[in-house]
Amino acid sequence: ALTGLYSMAYKATYMPVQLIASAFAQVFSRKISELHRDGNNLYTFFNKIVLYLAGFALLPFGVLMIFSPPLFEFILGENWYMSGVIVRYLVPWMYLTFVVSPLAFIPMMLNEQKKAMFIEIIYFIFRFIALTIGIIYMDFMLAVLLFVLGGVIVIFYQFFWIRSIIKNQL
């Protein structure tokens with residue numbers, strides 16, 4: 001039952017987030033690629049994109065953080081209230097994913113694939129450990145919380161790493 005609640009929370013919120021983030025990625029990747037090809041400053045444009053995405057997403061994710069449990073209960077019925085609670089846990093991770101994922105192509109563009117792959121491996125290990133701890137303690141919400149915490153740590157690192165490789169291109 002808990003995995004069903006998580007699945008509903010994930011599908012109802014994360015899938016639309018990724019769809020919108022992918023659209024932004026297509027637009028920004030073209031512009032960043034042009035700037036890079038022409039030898040222009042990527043750092044300034046990168047910072048503008050991050051501020052734009054962070055500001056754009058602040059209101060919807062704030063609403064989700066505050067109203068997701070009653071919203072899920074109202075739309076799907078009282079049995080789905082817990083999905084809304086799970087969404088509250090997922091919001092910080094989804095917010096950062098929304099802001100950083102449209103920029104995840106940059107390491108490939110700058111020939112930093114090896115470290116990008118290493119970061120993805122670390123991300124997988126964090127997720128595996130989070131789920132394992134949740135299973136050991138038989139605590140679903142602990143697993144979700146650790147899953148999100150691992151994601152937040154890795155995405156923050158990924159953001160600052162991408163920012164640093166762009167800054168070093170100056």
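Colleague: What makes Phe-124 count as exposed?

Modeller: This is a predicted model, and in it Phe-124 has a relative accessible area of 56%. Exposed means over 50%, so Phe-124 is exposed. The residue sits in helix H5, which covers residues 113-136.

Colleague: Why is Gln-158 called buried?

Modeller: The relative accessibility of Gln-158 is 15%. The cut-off for buried is under 20%, so Gln-158 counts as buried. Gln-158 belongs to helix H6. With neighbours within four places in sequence set aside, Gln-158 touches Val-100, Ala-104 and Glu-120.

Colleague: And Ser-83, why is that one called buried?

Modeller: Its relative accessible area is 0%. That is under 20%, so Ser-83 is buried. Ser-83 is part of helix H3. Apart from neighbours within four places in sequence, Ser-83 has contacts with Leu-5, Met-8, Ala-9 and Phe-72.

Colleague: What makes H3 largely enclosed by the rest of the structure?

Modeller: Of the 20 residues in H3, 15 are buried, so the rest of the structure largely encloses this helix. For the protein as a whole, buried residues are 39% of the 170 residues.

Colleague: How do you know that the span of H3 agrees with its number of residues?

Modeller: At 1.5 Å a residue, 20 residues should span 28 Å, and the end C-alpha atoms of H3 are 29 Å apart, so the two values agree. H3 does have a kink of about 50° at Leu-90, shortly before the proline Pro-92.

Colleague: How does the reach of H1 compare with the expected value?

Modeller: H1 runs over residues 2-37, which is 36 residues. From first C-alpha to last it reaches 48 Å, close to the expected 52 Å. A kink of about 30° is centred on Lys-11 in H1. Just after this helix, Gly-39 has a positive phi of about 75°.

Colleague: Which residues of H1 are buried, and what do they pack against?

Modeller: The buried residues include Leu-5, Ala-9, Thr-13, Val-17, Phe-24, Phe-28 and Leu-35. Residues three or four places apart in an α-helix point the same way, because there are 3.6 residues a turn. The buried residues of H1 pack against helix H2 (42-76), helix H3 (81-100), helix H4 (106-109) and helix H6 (140-168).

Colleague: Why are H2 and H3 called roughly antiparallel?

Modeller: Their axes cross at roughly 175° and come within 7 Å. Angles over 145 degrees count as roughly antiparallel, and H2 and H3 are therefore roughly antiparallel to each other. The residues of this contact divide into 22 nonpolar, three polar and two charged.

Colleague: How many helices and strands does the protein have?

Modeller: It has six helices and zero strands. Along the sequence the pattern reads α-α-α-α-α-α. The C-alpha trace spans about 55 × 35 × 20 Å along its principal axes.

Colleague: What percentage of contacts between residues at least 6 apart in sequence join residues at least 24 apart?

Modeller: The value is 80% for the protein. One of the contacts described above is that of Ser-83 with Leu-5.

Notes: Residues numbered from 1 in each chain as written. Predicted model: local features only at pLDDT ≥ 70, side-chain atom pairs only at ≥ 80, totals over all residues. Heavy atoms only, no water. Helix = DSSP H or I, 4+ residues; strand = E, 2+ residues; numbered from the N terminus. Expected span 1.5 Å × (residues − 1). Bend = angle between axes of the 7 residues up to and from the residue. Buried < 20%, exposed > 50% of the residue type's maximum accessible area, 1.4 Å probe, protein only. Contact = heavy atoms within 4.5 Å. Axes fitted to C-alpha atoms, helices over the stretch in contact; angles between N-to-C directions. Parallel < 35°, antiparallel > 145°, perpendicular 65-115°, else oblique. Nonpolar A, V, L, I, M, F, W, Y, C, P; charged D, E, K, R; others polar.
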